[in-house]
Amino acid sequence: MRLILNFVATDQNRHLKYNFLKKEFHHIKAESDKAPRAVLVGVSLKDQKVEKAEEYLDELAFLASTLGIKTEKTFIQRLDHPDKRTFVGKGKLEEILTYVKAEGIDTIIFDDDLSSAHARNLDREIEDVMIIDRSLLILQIFAMRAKSAQAKTQVELAQYQYMLPRLTNLWTHHSRQRGGVGMKGPGETELETDKRIIRDKISLLRKKLKKIETQSDLRRKNRDREVRAALVGYTNVGKSTIMRLLSKADVFAENKLFATVDSTVRKITMNNVPFLMTDTVGFIRKLPTTLIESFKSTLDEIVEADILIHVVDISHESFEEHIEVVNKTLLEIKATDKPTLLVFNKVDNYVDKEYPPFEDHPPATLEEWKESYLAKEYNHIFLSAIKKEGVDELKRKIFELVSDRFYKIYPNHHSFAYNQLWLEHGGEWPMSEETGDDE
């Protein structure tokens with residue numbers, strides 16, 4: 001089944017070994033030394049502007065490039081709802097297939113999850129082309145980025161959970177082999193066997209993850225008397241760059257989506273006030289549900305934090321929507337009841353907008369955004385982490401939040417009087433800083 005994976009059976013026991021999308025991509029690259037070439041497919045629903053669908057496909061292209069896939073063309077169809085059979089209409093599918101065959105495209109990526117019926121019907125219509133939906137693409141990026149045993153286990157569990165309801169499509173080639181009425185054909189028998197194998201694997205992975213999470217829970221409990229701050233935000237907004245600035249540690253940062261999958265914890269001390277800073281996995285719209293469930297332990301770093309530092313890429317056209325996506329996810333994991341600092345990062349990339357005169361429009365310049373509802377509603381700061389502009393103010397604002405929590409735990413700490421004076425004077429003199437190793 002090209003949509004999901006390849007599989008091979010060993011000669012001795014017919015036990016199936018499932019190879020996920022990663023090996024499928026390796027197979028494509030092996031056939032030619034060139035990167036996989038893809039077309040992207042999206043649907044613009046009746047309540048959505050086509051421009052927004054185009055923007056979503058730009059994000060999808062960025063996701064694909066993270067895996068080394070080159071986007072050749074995008075297709076958008078305006079529909080009231082996705083087609084029940086093939087997601088897009090018959091005419092649009094024929095247009096896509098004509099282009100794919102003419103240009104030798106090897107991959108089609110849909111910007112939504114495909115149902116089991118969609119996958120089955122598309123597989124019948126399209127030959128020798130790999131079909132990927134959005135969730136599978138994101139799962140593969142997580143698989144590529146995962147480094148720790150916990151992250152690898154979480155991703156593998158999410159992959160099997162994604163696969164299970166779609167497994168029927170792997171055996172459609174046996175559908176004509178069934179026997180008489182009431183008889184089970186080979187395909188049905190092997191399908192039931194494979195479902196059992198995958199359920200067993202899911203059960204084993206859950207048990208393994210439970211043991212790892214127990215160890216993580218113990219580490220977090222040992223931090224109960226320490227102030228904890230968590231960096232959160234949409235993917236690729238600069239969280240890891242800010243982590244490097246604050247902790248002076250070699251934290252991996254890259255201009256790609258989901259550069260960070262494993263949580264990174266560093267100990268930081270400002271003016272003799274110690275706290276733990278966690279760099280967490282970035283959020284994205286339509287984040288696969290199986291990933292949210294599998295990464296529960298990682299997301300607990302956010303849930304159990306005392307302070308949230310919500311980083312936003314203000315240079316992105318849809319940064320307000322990104323804020324909503326993050327806030328919605330925080331609400332889902334019950335992590336909204338915390339002091340939060342909204343950090344508008346990448347001001348160096350912001351380009352002033354031009355709007356027709358005498359029309360209502362959102363703020364057009366950074367100065368207007370600094371006077372907008374967002375600035376009034378949130379404790380906030382504007383900065384450029386990459387150019388280190390506004391970093392001192394960022395540290396002062398973080399220190400205000402951290403020290404407030406710290407002195408509630410340690411009201412008689414020797415640094416209290418000094419830091420009260422320091423804050424009263426607006427942090428006029430330099431802050432003393434120390435950093436520590438991984439927790």
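Contact here means heavy atoms within 4.5 Å. In the predicted model, the protein has 15 helices and 13 strands. Of its 439 residues, 50% count as buried. Among contacts with a separation of 6 or more, 72% are accounted for by residues 24 or more positions apart.

One helix pair was examined in detail. Two packed helices are described by the angle between their axes and the distance between the axes. Helix α2 (residues 50-66) packs with helix α5 (residues 134-145) at an angle of about 40°, and their axes are 10 Å apart. The two helices α2 and α5 are therefore oblique to each other, and the crossing of α2 past α5 is left-handed. On the α2 side, the contact involves Glu59, Leu60, Leu63, Ala64 and Thr66; these meet Arg134, Leu137, Ile138, Ile141, Met144 and Arg145 in α5. By class, seven residues in the contact of α2 with α5 are nonpolar, one is polar and three are charged.

Backbone torsions were also considered for two loop residues. Asn236, in the loop between β7 (227-233) and α8 (239-247), has a phi near 65°, a positive value in a residue other than glycine. Asn236 counts as buried because its relative accessibility is 17%, and buried means under 20%. Lys388 lies in the loop between β12 (379-382) and α14 (391-409). Its phi is positive, at about 60°, although Lys388 is not a glycine. With a relative accessibility of 60%, Lys388 counts as exposed, the cut-off for exposed being over 50%.

Methods
Residues numbered from 1 in each chain as written. Predicted model: local features only at pLDDT ≥ 70, side-chain atom pairs only at ≥ 80, totals over all residues. Heavy atoms only, no water. Helix = DSSP H or I, 4+ residues; strand = E, 2+ residues; numbered from the N terminus. Buried < 20%, exposed > 50% of the residue type's maximum accessible area, 1.4 Å probe, protein only. Axes fitted to C-alpha atoms, helices over the stretch in contact; angles between N-to-C directions. Parallel < 35°, antiparallel > 145°, perpendicular 65-115°, else oblique. Left-handed = near helix turned anticlockwise from the far one by under 90°. Nonpolar A, V, L, I, M, F, W, Y, C, P; charged D, E, K, R; others polar.
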